[in-house]
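Please keep the sequence and the 3D view open as you read.

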Amino acid sequence: MTRPIPELPDTIRPVRWQDDHLVLLDQRRLPDESIDLHLTDVVATGQAIRDMVVRGAPAIGITAAYGMVLAARRRYQVDAGGWLAALVGDGRQLAAARPTAVNLAWAVERLLATARGVAAGADPVPVLLAEADRILAEDIAANRTMARLGAALLGQGVRILTHCNAGALATGGIGTALGVVRQAQVEGRLAKVYAGETRPWLQGARLTAWELLRDGIPVTLVAEGAAAWLMAQGHVDWVIVGADRVAANGDVANKIGTYSLAVLARQHGVRTMVVAPTSTLDRSLAAGAQIPIESRAAEEVLDCGGRRLAAAGASAWNPVFDVTPAALVDALVTEKGVCQPPSPAALAALGAR
Ligand code: MRU
């Protein structure tokens, strides 16, 4: 007799539309406190993305979609005939908030395409809001499909090492990498989850640990420098991560440190899975070398928890993403199918945008 699989926990919504405005869970305050920010204009939305109130490629894209609704409302109120040209400018500003996560520019472009289809003189807000809601709903559905496809690749008693936060806080639904973790848990396949703490923003220690524990999934944190030794001890079967942008050849930009994990995994016979919706694929870029890599302030490395820890006078280099060559990725899981391994042909066959 087959045991029914329990429902996946899906209760965290970091981005939502409430009445007439956008609400973001302020991820800078987690895990200490859950505080919502209420946003009514697109400039504040772009600032919230830059400041890491919301982060994670799909969540940034969903936020940008609602930000475009706020922009359209303001522009239409000011000039019911000429709002579209102004909205294009707002979209350009918003898309520049963070350069690596392609979901941001993708969502802005999708809202602009919808805006161009609005009849002359008509109020664009209802139609744009419906499109933003659709982007959120599609992401929730994609998360669930990827969770099933990814978990099907895992054996029994699997031990997973994840990096950064690629969970509910980074998406519309149950997460990309953490969606697979949640699915493995409900299917009874999961033995252990390790999470890298992810300096300098500590998304692993603060966010991944918070949301897994909230769902009753035990998590063991490791400093990034411990990953090689953890693998050498034979404690990891799969490295499972999300992505901020995947080039047409399958090269993957993700949180700084992902490339190191993929190199280590190959050295130790551990497999690497990248879980990303097709909204994260960028077919306009042939290879990962063309992906823009965001650099952030040196203070993020020099300080910790708002306090200067580095020796006075030290400088810091702070690229916040790196590119993992497709050759180091064993499986790329999307909602449209799995590329094992990712290659230009395999990605093209997904039939994505
Ligand atoms: O700088 P962040 O926190 O936005 O970086 C997020 C990541 O790198 C995630 O791993 C990635 O966006 C995948 S999210 C499902």
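Helices (H or I, at least four residues) and strands (E, at least two) are DSSP runs, numbered from the N terminus. The model is a predicted one, in which local features need pLDDT of at least 70, side-chain atom pairs count only at pLDDT 80 or more, and totals for chains, interfaces and linings use all residues. Residue numbers start from 1 along each chain as its sequence is written, and side-chain values use heavy atoms, with hydrogens and water left out.

**The chain as a whole**

The chain has 11 helices and 16 strands. Its C-alpha atoms fill a box of roughly 65 × 60 × 40 Å along the principal axes. The radius of gyration is 20 Å, which agrees with the value near 20 Å that a compact globule of 353 residues would have; it is taken over C-alpha atoms, and the globule rule is 2.2 Å times the number of residues to the power 0.38.

**Loops worth a look**

Met52 sits in the loop between helix H1 (42-50) and H2, and its phi is positive, near 75°, although Met52 is not a glycine.

**Around the ligand**

Which residues are closest to the ligand? They are Arg55, Gln203, Asp244, Asn254 and Lys255, in a shell of 19 residues, where a shell residue has a heavy atom within 4 Å of the ligand. That shell divides into eight nonpolar, seven polar and four charged residues. Here Ala, Val, Leu, Ile, Met, Phe, Trp, Tyr, Cys and Pro count as nonpolar, Asp, Glu, Lys and Arg as charged, and the others, Gly among them, as polar.

Polar contacts here are pairs of N or O atoms within 3.5 Å. A side-chain N or O atom of Arg55 is 2.8 Å from a ligand oxygen, and a polar side-chain atom of Gln203 also lies 2.8 Å from an oxygen of the ligand. Ala57 takes part through a backbone N or O atom, 2.9 Å from a ligand oxygen. The protein covers 100% of the 420 Å² of accessible area that the ligand has on its own, by the Shrake-Rupley method with a 1.4 Å probe. Helix H2 (57-78) and strand S9 (252-255) are the elements that give two or more residues to the shell.

Definitions and conventions
A polar contact is a pair of N or O atoms within 3.5 Å; within protein, one must be able to donate a hydrogen and the other to accept it, and residues adjacent in sequence count only if both atoms are side-chain atoms.
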